[in-house]
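Okay, let's get going. Have a look at the fold on the screen, and I'll talk you through the sheet and then some ring pairs.

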Amino acid sequence: MTQNVIKDRFKDQVMIITGAAGGIGKAAAIRAAKEGAKLVLADQKEEMSHETLAEIKKITPNVEFMVADLTQEENCKKLVDLAVDTFGKIDILVNNAGITGTPAPVDQMPTSMFKKVIETNIFIAFYMSHYAIPVMKNNGGGSVVNVASVAGLTGFPGHSAYVTSKHGLNGLTRNMALDFASDNIRVNSVNPGTTATPMYDEALEFLKNKREKAAQNGAKADESIVSGKTTSPQKRVATADEVSDVILFLASDEASNMTGVFVPVDGGFTAF
């Protein structure tokens, strides 16, 4: 699918995107750059971050990239400060950083893994919003887009931490929308289904290894993890561009009367 780039849609607007080194975050950053945004990006994957920065600099000089672990609150504050010090304001925050963790039901989930997924998928969005929203208020408004998941709209057997975190992120989205509507700050979430990203590749490899190990032991793989509804009515995975298109629509003035909304981008996965 060819993207229909909207010239100057984000001209003079400052956009922060977390988890921007690859996948959905990178796709959103590249299109936003083409549409005039001034970008402040972050990820903890150092090599991928440098590659993405070099690619975006071919489009625009107005980009900064911070390599950091954003589960550390002070790094979120530094990222917001970087945006303000470099470009003077923040118009848009895309909370995209997230992990799936190692799938397991509650009785088999290490508490350390559960904590890591919650810290990454909820706390980063909280920290970033905590520091960015006062800046948006001073601007006279802004837009926050949280990248959740269809796992935040339904359940997936065996994915206790991930499902919990994405439901929590959608709850944070709705409450922030109510809290800041009078400040002209819109808050929405995008809920992708299966999307072709490095995270998806990692999940496929995990399931492949689990099935192979089970077969070697003469047993079935854990049905709570590898079975169940996995495809959409469209019977295909989404591209990162298809998801980023919706993120940037919600971030833009085209969605000026939308707040507190959970938008599925799932090929009909949650329709049945």
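So, strand E1, residues 14-18, and strand E2, residues 38-43, run parallel and pair over five bridges. Strands here are DSSP runs of E with at least two residues, helices are runs of H or I with at least four, both numbered from the N terminus, and two strands pair if DSSP finds at least two bridges between them. Take Met 15: its bridge partner in E2 is Leu 39.

Quick housekeeping: this is a predicted model, where local features need pLDDT of at least 70 and side-chain atom pairs count only at pLDDT 80 or more, while totals for chains, interfaces and linings use all residues. Numbering starts from 1 along each chain as its sequence is written, and side-chain values use heavy atoms, with hydrogens and water left out. pLDDT is the predictor's confidence in each residue, from 0 to 100, and the chain averages 90.

Back to the sheet. It's open, with seven strands in the order E3-E2-E1-E4-E5-E6-E9, paired in parallel. E3 (63-67) and E9 stand at the edges with a single partner strand each, so one side of each has no neighbour in the sheet.

Now the rings: there are three aromatic pairs. Phe, Tyr and Trp rings (six-membered ring for Trp) pair if their centres lie within 6.5 Å; planes under 30 degrees apart are stacked, over 60 edge-to-face, the rest tilted. Phe 156 and Phe 269 have centres 5.6 Å apart and planes at 15°, so they're stacked. Phe 156 sits in the loop between E5 (142-147) and helix H5 (160-180), and Phe 269 in the segment after E9 (262-265), so the pair ties together parts 113 residues apart in sequence.
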